[in-house]
Amino acid sequence: MTAAGVVARVAVRELWMTFRLLLVLVAFVGGSAVVVLLPSSPSVTLDRMAIGLGIATVAGAAVAAWSIAAERETGRAGWLVTRSISRGIYVIGWALGLVAIGVAGTVGAAALGWLTLTGFAVDLDAGSYSAVVLAVATSVAAAMTLGLAVGALLPPAPAAGVAALLCAGAGLLVVLASGGSSSVPGAAYLLFSRLVGADAVLPDALRAAGVGLVQTAILLAIARAAMERAEL
Amino acid sequence: MTNLVHRAILRGCSLTIPVGARVLLVSEPEGAASALVRVLAGLSRPSAGRLEIAGAGNGTGRGWGHRVAHLGPEPGIPRWMTPREAIALSARLADLPPEEARVRTDRALAWVGIRGDAADRAVRHGGPPLVQRTGLAAALIGDPEVLLLDEPLRALDTLERTRLLRLPGPRHTILIASRYPASEAGLVSHVALLQGGRTVLLAPIAALEEAGLPLSMRGIAGLAAVAAPVPS
């Protein structure tokens with residue numbers, strides 16, 4: 001196993017032992033469960049799903065920021081870094097662990113949503129739905145890496161607050177000012193509402209996924225640079 | 001380097017330690033010695049300057065565990081990890097072959113006095129003494145050339161602490177940052193004093209005896225007052 005894999009394993013176990021993994025999963029899957037429990041028209045259900053996933057994403061970013069900041073403050077990051085692991089690898093390992101959890105939550109939420117919607121006998125295109133979920137998953141990954149970057153700079157509580165504010169602010173900005181463009185970072189969530197219409201969502205969803213991946217890569221580079229200067 | 005309020009802790013600090021020397025590092029103000037050890041261990045980043053340890057520049061990446069080990073006052077071992085897991089993880093990250101890692105882990109556990117079930121129970125059950133014993137074993141598992149110790153093993157009784165810090169083998173170069181110089185008697189060959197962030201003394205421990213001074217902050221400062229200044 002590579003050094004990044006070792007760090008990712010330690011990160012996931014740390015999140016599991018401190019119930020933060022459960023918190024993220026509950027935020028994602030619980031949001032979808034609410035969708036299931038409150039039946040309504042398919043378009044409203046999809047809107048609610050988008051909102052639920054958005055809230056879960058904000059929670060995920062806050063947990064990521066809190067976690068990495070706590071790792072620095074308690075010396076756990078320093079302990080691993082003095083075990084032949086570079087700071088860059090450390091950040092990549094944590095990003096892998098957090099993104100894996102975020103993506104698992106997104107997929108779980110999407111599966112619940114799919115079951116609910118197909119229960120309505122709605123004619124949903126599986127390919128388009130999967131592409132939208134993929135796009136949202138890349139946005140979740142970007143939010144997690146944003147949390148890492150903030151957590152590398154601030155103490156736990158402020159880091160969680162700032163990461164949540166940044167994510168929520170970006171989401172609000174997308175809703176108010178994206179104008180339906182899928183090229184705006186974070187616009188993937190808005191594509192859910194177009195799944196029941198006659199629009200071809202697939203190209204826009206793939207574009208949004210690409211934007212999410214680029215965003216994740218940029219934020220990961222920023223998190224790495226922040227961690228290089230951080231006190232461990 | 002600077003602390004969070006950008007007050008210089010180390011300024012113009014220059015220190016060259018011969019291979020095999022066991023140096024007691026004390027400072028006025030007290031935090032500077034620990035700060036220097038943290039910089040050398042790669043846990044804090046200096047704002048300027050150059051350092052070289054065991055023939056390589058600062059960098060805690062691959063192979064670091066073979067050259068340098070660090071043990072702080074509170075090793076950041078995850079509290080859910082067992083001593084065996086922590087030491088085995090260190091062995092793996094030090095690139096030891098699995099069989100050798102297993103043998104060395106067992107030997108290290110016995111040497112630091114972790115016996116029976118204690119080796120396989122989470123370190124949180126054993127409190128600070130168990131965490132510190134585990135931290136020392138994990139630090140030494142890669143047989144490093146240089147040991148950076150920052151107020152090590154303070155949770156152990158004096159006799160046990162002295163036994164563990166009297167490391168076998170002539171090739172270890174050791175730097176111990178300590179606020180209690182008298183407690184390091186018999187463990188060190190040299191003493192270094194930082195005052196106002198600069199190195200003002202690096203002398204054999206025998207120089208204290210020759211000058212009729214005790215191994216204490218007052219004695220070391222007294223020696224610095226009469227000894228030749230350390231070239232910067």
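**B:Ser34 is a buried residue, with a relative accessible area of 12%.** Buried means under 20% relative accessible area, exposed means over 50%, and partly exposed is in between, using a 1.4 Å probe and protein chains only. Leaving out residues up to four places away in sequence, B:Ser34 touches B:Asp150 and B:Ala177, where contact means heavy atoms within 4.5 Å. B:Arg133 is 99 residues from B:Ser34 in sequence, and the C-alpha atoms of the two are 20 Å apart in space.

**A note for all the views.** This is a predicted model, in which local features need pLDDT of at least 70 and side-chain atom pairs count only at pLDDT 80 or more, while totals for chains, interfaces and linings use all residues. Residues are numbered from 1 along each chain as its sequence is written, chains are lettered from A and ligands numbered from 1 in the order in which they are written, and side-chain values use heavy atoms, with hydrogens and water left out.

**The largest nonpolar core has 132 residues.** A nonpolar core is a set of buried Ala, Val, Leu, Ile, Met, Phe, Trp, Tyr and Cys residues joined through side-chain atoms within 4.5 Å. Which members touch the most other members? They are A:Tyr90, A:Trp94, A:Tyr129, A:Phe192, B:Leu148 and B:Ile220. Helix 6 of chain A (residues 126-151) gives the most to this core, with ten residues. There is also a second, separate core of eleven residues, with A:Ala142, A:Leu146, A:Ala163 and A:Cys167 among them. In soluble globular proteins, nonpolar side chains tend to be buried together.

**Here is B:Leu148 with its partners from elsewhere in the sequence.** Neighbours within four places in sequence are left aside. The residues in contact with B:Leu148 are then B:Val37, B:Leu40, B:Ala41, B:Ile53, B:Val68, B:Ala69, B:His70, B:Leu71 and B:Leu175.

**Helix 3 and helix 5 of chain A are roughly antiparallel to each other.** Two packed helices are described by the angle between their axes and the distance between the axes. Axes are lines fitted to C-alpha atoms, for helices over the stretch in contact, and angles run from 0 to 180 degrees between N-to-C directions. The axes of helix 3 and helix 5 (residues 87-119) of chain A cross at roughly 160° and come within 11 Å. Angles under 35 degrees count as roughly parallel, over 145 as roughly antiparallel, 65 to 115 as roughly perpendicular and the rest as oblique. This crossing is right-handed: a crossing is left-handed if the near helix is turned anticlockwise from the far one by less than a right angle, and right-handed if clockwise. Among the residues that meet are A:Leu46, A:Met49 and A:Ser67 in helix 3, and A:Tyr90, A:Trp94 and A:Leu98 in helix 5. The residues of this contact divide into twelve nonpolar, four polar and one charged; Ala, Val, Leu, Ile, Met, Phe, Trp, Tyr, Cys and Pro count as nonpolar, Asp, Glu, Lys and Arg as charged, and the others, Gly among them, as polar.

**A:Ser67 lies in helix 3 (residues 42-74) of chain A.** Is A:Ser67 buried or exposed? At 0% relative accessibility, A:Ser67 counts as buried. Not counting residues up to four places away in sequence, A:Ser67 touches A:Leu15, A:Arg20 and A:Trp94.

**In chain B, helix 3 and helix 5 run roughly parallel to each other.** Helix 3 (residues 83-93) and helix 5 (residues 127-140) of chain B pack at an angle of about 20°, and their axes are 9 Å apart. Helix 3 of chain B passes helix 5 of chain B in a right-handed crossing. From helix 3 come B:Pro83, B:Ala86, B:Ile87 and B:Ser90, and from helix 5 come B:Leu130, B:Thr134, B:Ala137 and B:Ala138. The contact residues divide into six nonpolar, two polar and no charged.

**Two residues in a loop of chain B, B:Glu151 and B:Leu153, share this view.** The loop that holds B:Glu151 is between strand 5 (146-150) and helix 6 (158-165) of chain B. Phi of B:Glu151 is near 45°, a positive value in a residue other than glycine. B:Leu153 is not a glycine either, yet has a positive phi of about 55°. B:Glu151 is buried at 8% relative accessible area, and B:Leu153 is buried at 0%.

How values were computed. Helices (H or I, at least four residues) and strands (E, at least two) are DSSP runs, numbered from the N terminus.
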